[in-house]
Amino acid sequence: MWTQLCQLLFPINTLGANWNKPPTIDSLTAKPPLTAQVSLPSSVQRLDDSAITEVRVDMADMKVESRPVTLVTNVGSCVAICIHDPINKCGGLAHIMLPSSKITQHSYLPSKYADTAVPALTSAIRRAEKSNCGLTAKIAGGANMFPKLNSSTLNIGMKNVEAVKEALANKGIKLVAEDVRGTYGRRVAFNIADGSVCVKNGNGEIKKI
Amino acid sequence: MTESITQNKDTNNSIDLEIFLELGSIGAGNAATSLSEIFQEQISIQVPKIHTLPPHLVPKFYEKHDVPTTAIYMQLTGEADCDILLMFEVKEAKKIAAMMTMIPVEELDPEMEASAIEELGNIVIGSFLTALSDFTNVNLLPTPPQRTTDSFDAILDSFLIKQLLDSDMAIIFDTYFKRSDGNISGILMLFPSRKLQSVLTEKAKNWV
């Protein structure tokens with residue numbers, strides 16, 4: 001219900017909502033289903049701010065915002081990719097689960113994989129503000145939640161982080177800060193207005209990156 | 001052609017669910033018996049719900065994103081793999097530990113709580129394991145239980161990732177631990193590997 005409400009209030013955020021209509025990666029990167037040119041009068045914007053300040057990004061989902069809200073997600077082995085446009089004050093957050101879309105056959109959500117999420121998120125941000133200026137990225141997550149188990153599949157966090165860095169480098173996006181690895185979960189809050197990312201660790205420690 | 005394939009899938013899924021529900025009832029029955037012995041009073045465990053979901057939709061389904069959670073995790077290896085995860089909200093876990101140790105919640109020290117919860121995990125998960133291997137005749141070896149406390153989503157996501165690599169469905173039990181003076185609820189999740197799923201489906205065919 002929350003997501004539906006958000007979608008009503010923020011028509012820009014339609015990208016992550018395509019659960020039922022699996023789009024191919026090509027169609028998504030070429031033509032993201034964003035109604036990007038929507039820009040509300042400043043009065044409406046202020047009204048929205050008081051109503052909603054935190055927008056949750058679900059697992060394998062991504063959201064792009066041009067309003068000064070905070071995008072929130074929880075990650076363990078997943079990685080939260082926060083890409084910010086400092087000049088137009090917009091940005092987006094993608095919650096990826098796996099390093100590469102090649103390793104599974106169920107690849108209909110681009111925001112599920114590091115290699116497809118970065119291009120999709122970048123083009124969505126560029127469309128939202130028609131900006132060509134330098135984007136900056138901050139990442140958090142990639143933990144190994146159960147270090148005592150010597151299972152290679154459970155240590156996918158490390159692979160996720162490496163894949164995200166590679167994808168960012170391929171797109172020419174500068175990685176300015178990171179809070180990765182470890183053995184605890186993180187609550188990531190990405191402030192669109194100033195591009196700051198507030199990471200709260202599982203043990204209660206709060207870090208601003 | 002495509003339609004018949006989809007239908008086939010559906011029937012397979014419904015068989016899986018039935019058999020899992022049966023397994024769940026047996027496992028829950030075993031667990032209830034051992035718990036009643038420990039607490040020296042009637043404890044009933046129900047398996048009221050069973051869900052199959054695509055793994056990435058599980059956090060959205062529970063809506064417990066930031067809730068501090070204590071989880072006990074056991075991995076079954078051997079002929080087929082299965083991950084079993086038992087989760088309680090932190091304050092519920094405290095209540096359970098207090099019940100088990102007969103010490104009031106305020107006086108409970110963390111080590112005592114941890115070992116009580118691990119023991120509970122052993123009992124509940126062990127009961128399910130017995131049911132599972134009796135039923136399938138598959139030899140399953142459990143790892144020692146692991147305990148962790150973190151936010152609900154963070155705990156879950158490693159398992160969901162692992163599940164995604166293997167299968168596109170997660171099978172989840174919601175269990176409720178019932179004691180005479182009120183409910184304590186926990187979630188028991190089973191993530192059977194594709195191999196175990198097919199073993200069970202095969203069993204179900206002979207069984208019906």
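**View 1. The bend in helix H5 of chain B.** The bend at a residue is the angle between two fitted axes, one through the seven residues ending there and the other through the seven starting there. In this predicted model, H5(B) bends by about 25° at B:Ser158.

**View 2. The open sheet of chain A.** Five strands of chain A form an open sheet with mixed pairing, in the order E2-E5-E4-E6-E7. The edges are taken by strand E2 (62–65) and strand E7 (174–180) of chain A, each of which has a single partner strand, so that one side of each is left without a neighbour in the sheet. From one strand to the next, the twist averages 15°. Strand E6 (residues 136–141) of chain A pairs with E7(A) in the parallel sense over six bridges, and A:Ala137 stands opposite A:Leu175 in E7(A).

View 3. The side chains of A:Asp179 and A:Lys207 meet in a salt bridge, with an N to O distance of 3.1 Å. This pair links distant parts of the chain, since A:Asp179 lies in strand E7 of chain A and A:Lys207 in strand E10 (residues 206–208) of chain A, 28 residues apart. A:Asp179 is buried, with a relative accessible area of 4%, whereas A:Lys207 counts as partly exposed at 32% relative accessibility.

**View 4. Two salt bridges of chain B.** B:Glu89 and B:Lys91 meet through their side chains in a salt bridge of 3.6 Å, N to O; B:Glu89 is partly exposed, with a relative accessible area of 23%, and B:Lys91 counts as exposed at 60% relative accessibility. B:Lys95 forms a salt bridge with B:Glu92, the closest N and O atoms being 3.9 Å apart. Because B:Lys95 and B:Glu92 are three residues apart in helix H3 (residues 90–101) of chain B, about one helical turn separates them. B:Lys95 counts as partly exposed at 39% relative accessibility, while B:Glu92, with a relative accessible area of 13%, is buried.

**View 5. A network of salt bridges.** A:Glu54, A:Arg56, A:Arg187 and B:Asp66 are joined into one network by salt bridges that share partners. Over all chains, the count comes to 13 salt bridges.

Conventions:
Residues are numbered from 1 along each chain as its sequence is written. Chains are lettered from A and ligands numbered from 1 in the order in which they are written. This is a predicted model: local features need pLDDT of at least 70, side-chain atom pairs count only at pLDDT 80 or more; totals for chains, interfaces and linings use all residues. Side-chain values use heavy atoms; hydrogens and water are left out. Helices (H or I, at least four residues) and strands (E, at least two) are DSSP runs, numbered from the N terminus. Two strands pair if DSSP finds at least two bridges between them. Axes are lines fitted to C-alpha atoms, for helices over the stretch in contact, and angles run from 0 to 180 degrees between N-to-C directions. A salt bridge is a side-chain nitrogen of Lys or Arg within 4 Å of a carboxyl oxygen of Asp or Glu. Buried means under 20% relative accessible area, exposed over 50%, partly exposed in between (1.4 Å probe, protein chains only).
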